[in-house]
Amino acid sequence: MPSTRQISQHLAKVLGIKLEDPDVDNVTRGESVFSTHTADSFVEQQPTSGEWLAEITPSRRDIAAYFKSLFPFLSWIGFYNLQWFIGDLVAVVVPQGMAYAKLANLPVQFGLYSSFMGVLIYWFFATSKDITIGPVAVVSTVTGTVVANAIEKYPQYEDTPWVIASALALISGAIVLFIGLIRCGWIVELIPLVSLAAFMTGSAINIAAGQVPTMMGITGFSTRESTYLVIINTLKNLGKTKLDAAMGLTALTMLYLIRFSCTFAAKKFPNHHKLFFFLSTLRAVFVILLYTMISWLVNMHRRSKPAFAILGDVPRGFQHAAVPTINSEIISSFIGELPATVIVLLIEHIAISKSFGRVNNYTINPSQEMVAIGVTNVLSPFLGGYPSTGSFSRTAIKSKAGVRTPFAGVITAAVVLLAIYALTAVFFYIPSASLAAVIIHAVGDLITPPNTLYKFWRVSPIEVLIFFVGVFVTIFSTIENGIYATICISFAVFMFRVLKSRGRFLGRVQVHSVLGDHLIGNDNNVMGEYGTFEISDSSLSPPTRNVFLPIDHGDGSNPEVEITSPYPGIFIYRFSEGFNYPSASHTLDYLGNHIFAHTRCTKTDSYERPGDRPWNNPGPKKGQQENTSLPTLKAIILDLSSVNNVDVTSVQQLIDVRNQLDRYTAPDVVDWHFACINNRWTKRALVSAGFGYPTPRPDGLHSRWKSIFSVAEIGGADSAAAVAEQEANEKEQTQHLHPTPSNAKTDDPSLYQETPGPSVASSITQSASAQKNKAPEFNRNVETRRVAVHGLNRPLFHIDLTSALQSAIANVQAREEVEARGGSGIGVTV
């Protein structure tokens with residue numbers, strides 16, 4: 001029975017595929033194998049598709065770990081103790097939940113239902129001890145918009161708006177749950193911080209503007225319109241202000257007075273800061289209780305006609321517990337707002353949980369947090385809940401109170417349950433204006449302060465512009481449009497930076513390391529605190545070393561530092577933002593243009609007549625001559641330290657540039673060296689494209705490097721590229737251009753220098769002249785075993801820029817030496 005290998009080879013032959021065998025990739029191109037009594041040779045093997053499949057295929061242990069990660073409480077519940085329980089006895093119960101229900105166009109009791117289910121369910125799936133899930137201002141506002149639009153489209157739901165809200169919670173929760181289960185929590189990283197800041201600021205202004213009419217007792221217009229219209233209508237109707245303003249404005253003033261007083265007292269008496277903190281966190285509860293008492297005193301004999309708006313009857317218990325109604329009519333009513341709802345649920349919760357995780361020294365799992373949000377919103381509608389997510393204010397209170405575990409949510413759930421069944425009679429007299437003041441006070445913290453904007457400006461000025469665009473779109477349109485605008489603009493800016501990114505050409509600078517007043521290497525008594533610079537032999541620490549800086553000082557380095565060229569005809573190019581298909585064209589165009597501007601053609605007399613020159617290279621103007629002082633192109637060193645992976649497009653464009661430069665330097669070829677390759681798959685891609693080792697043609701004529709795919713190559717031997725190559729070779733033969741020694745192949749072993757270089761970690765080429773001028777090796781008293789870092793079958797892949805430059809210079813000098821001797825070729829050694 002034929003083996004899998006035989007079957008694949010036969011299938012490739014039938015399909016016309018030329019297989020590359022990575023297992024038969026020995027050192028067969030003339031390289032010497034670095035092997036002495038103190039060194040081991042190393043031939044690097046390419047990664048295989050089997051390895052890739054093994055990496056992405058989960059093992060049994062991975063599957064078990066996945067299911068265990070769905071229930072994080074299993075890792076700590078067994079260690080739960082009395083001390084933790086005492087720390088968890090912090091019930092965060094504020095009247096904001098009822099107020100937020102009004103934002104959602106729902107009766108106030110639905111805020112309590114959502115609060116109860118959020119804190120009760122979250123702890124099972126939580127990776128954050130501080131987060132409190134429940135109704136929040138922005139999600140409630142989005143829900144209110146959805147409910148209002150649905151009722152306008154389907155008036156039959158006007159008396160039961162919670163049906164729409166529950167359906168929205170179930171559908172959005174299912175989407176978030178799915179994202180979490182497939183562990184795609186990284187998706188929130190696509191939403192930048194500036195978008196979150198703009199969204200929160202715009203939403204806060206939107207919510208505050210919508211609550212001012214309620215706080216002032218002004219009616220007669222819709223507060224669901226665009227923010228600027230609500231502000232205009234509020235100003236127009238200020239004359240209709242009622243007694244509600246007394247209950248609202250004074251409540252808002254008292255909230256801020258208590259806050260500022262507690263903050264001042266905590267600074268004045270730091271030993272009692274925790275007491276003042278708790279007093280400050282209870283200010284909303286105190287204000288609501290105070291104004292509820294005032295309302296009871298005013299309205300206890302006029303329940304049917306209160307002096308100002310109050311909440312009224314609040315049903316006791318879970319009166320709306322039922323299976324949510326889901327049908328195509330309901331889904332179609334909010335399908336347009338569904339993406340915005342999901343985004344709001346995610347970004348607010350993940351941002352809050354990450355922030356408090358950093359503050360309290362623990363790490364959250366975004367995917368698992370999505371599972372928690374999803375399960376909460378899927379189950380909450382069965383008790384009448386509407387969409388809920390992490391609450392900033394309640395989370396901050398729990399964090400500062402020092403809760404120990406996520407189990408604190410159960411304590412909060414017990415108190416909310418008590419409120420649902422025992423305190424509903426008290427809720428009757430809560431003034432609506434005072435609740436509006438609580439909302440305005442709460443969302444005020446969401447507005448981005450000027451100092452934060454200044455820091456944004458210092459980091460990235462364009463993102464401040466994006467921030468204001470998001471805020472203005474929110475104010476003059478909707479919260480949803482503000483979210484979409486900031487995300488889309490931020491992504492467009494990112495793509496522009498990637499598309500227009502270009503690397504930097506580097507030059508060489510010799511530097512000294514200075515420790516205090518001493519130059520490292522010039523004082524053998526220098527020693528750091530932990531022996532970092534302890535030197536037993538001063539010769540082991542050279543007084544200077546090479547570093548590579550951008551030749552245009554684009555990194556902010558001192559412009560007075562003179563950056564020298566690495567070597568005439570050798571260029572070092574560092575990619576700045578990766579090397580993939582979006583940026584490949586622009587960054588390689590910059591590479592080519594710079595090289596053409598700073599070098600000259602190898603053969604300046606290749607064209608006997610002006611008509612033989614190509615149209616895009618007509619030569620110098622009449623009466624002028626070509627600049628022969630410029631060097632010819634000899635080698636290019638690419639620094640891939642910022643490149644994690646490459647793709648077909650980027651590699652193909654690199655091949656195209658190499659073909660272009662080889663024709664530019666004909667009959668010579670350009671050596672391509674690569675430094676700081678971080679990924680085995682990047683090496684495999686480069687090797688498949690013919691990089692990593694020299695491959696000159698035996699006859700010395702110009703040859704194209706092997707392409708992966710090129711439109712010009714369609715047609716095989718009859719392709720445009722093949723015809724162009726044939727014409728070029730015929731022209732070289734008719735003009736009696738003999739191939740240079742660098743292109744010729746010889747079997748004379750004497751022309752191959754097999755002396756290892758000074759650094760066994762680099763693929764360095766040594767010649768006789770280079771051997772004479774090489775830096776002295778440092779003597780060591782202890783015999784150590786040396787091994788090659790990179791494979792000897794990849795002589796043009798290097799561990800760093802220094803070894804790459806050494807190798808490039810050594811190859812150039814070796815080639816020049818052989819040409820000076822009249823030799824016919826030179827091999828590449830390691």
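**Close-up views of a predicted model**

View 1. When residues up to four places away in sequence are not counted, Ser-280 touches Arg-259 and Cys-262.

**View 2. The aromatic pair of Tyr-80 and Phe-407.** A search of the whole structure gives 33 aromatic pairs, and this view shows one of them, Tyr-80 with Phe-407. The ring centres of Tyr-80 and Phe-407 are 5.3 Å apart and their planes meet at 65 degrees, so the pair is classed as edge-to-face, a term that applies to angles over 60 degrees. Distant parts of the chain are linked here, since Tyr-80 is in the loop between helix 3 (60-69) and helix 4 (82-87), whereas Phe-407 is in the loop between helix 17 (392-401) and helix 18 (408-422), 327 residues apart. Tyr-80 counts as partly exposed, with a relative accessibility of 24%. Both Tyr-80 and Phe-407 also belong to a cluster linked by ring pairs, whose other members are Phe-71, Phe-73, Trp-76, Trp-84, Trp-123, Phe-124 and Phe-125.

View 3. Tyr-573 and Tyr-590 form a tilted aromatic pair, with 6.3 Å from centre to centre and 40 degrees between the planes. Tyr-573 is in strand 8 (residues 570-574) and Tyr-590 is in helix 24 (residues 581-598), so that the pair links parts of the chain that are 17 residues apart. Tyr-573 is buried, at 0% relative accessibility, while Tyr-590 is partly exposed, at 21%. Arg-502 lies over the face of Tyr-590, at 4.2 Å from the ring centre.

**View 4. Arg-303 over the ring of Phe-428.** The charged end of Arg-303 is placed over the ring of Phe-428, and its distance from the ring centre is 4.0 Å.

View 5. Asn-105 is not a glycine, yet its phi is positive, at about 60 degrees. Asn-105 is found in the loop between helix 5 (96-103) and helix 6 (109-125), and with a relative accessible area of 32% Asn-105 is partly exposed. Arg-183, likewise a residue other than glycine, has a positive phi near 55 degrees. Arg-183 is located in the loop between helix 8 (162-181) and helix 9 (193-216), where Arg-183 is partly exposed, with a relative accessible area of 22%.

View 6. In soluble globular proteins, nonpolar side chains tend to be buried together. The largest nonpolar core of this model holds 114 residues, and those that touch the most other members are Ile-164, Phe-199, Phe-334, Tyr-386 and Val-443. Helix 15 (residues 338-359) gives the most to this core, contributing 10 residues. Val-443, if its neighbours within four places in sequence are left aside, is in contact with Ala-137, Ala-204, Ile-207 and Ala-208.

Methods
Residues are numbered from 1 along each chain as its sequence is written. This is a predicted model: local features need pLDDT of at least 70, side-chain atom pairs count only at pLDDT 80 or more; totals for chains, interfaces and linings use all residues. Side-chain values use heavy atoms; hydrogens and water are left out. Rings of Phe, Tyr and Trp (its six-membered ring) pair if their centres lie within 6.5 Å; planes under 30 degrees apart count as stacked, over 60 as edge-to-face and the rest as tilted. Helices (H or I, at least four residues) and strands (E, at least two) are DSSP runs, numbered from the N terminus. Buried means under 20% relative accessible area, exposed over 50%, partly exposed in between (1.4 Å probe, protein chains only). A charge sits over a ring if NZ of Lys or CZ of Arg is within 6 Å of the ring centre and within 35 degrees of the ring normal. Contact means heavy atoms within 4.5 Å. A nonpolar core is a set of buried Ala, Val, Leu, Ile, Met, Phe, Trp, Tyr and Cys residues joined through side-chain atoms within 4.5 Å.
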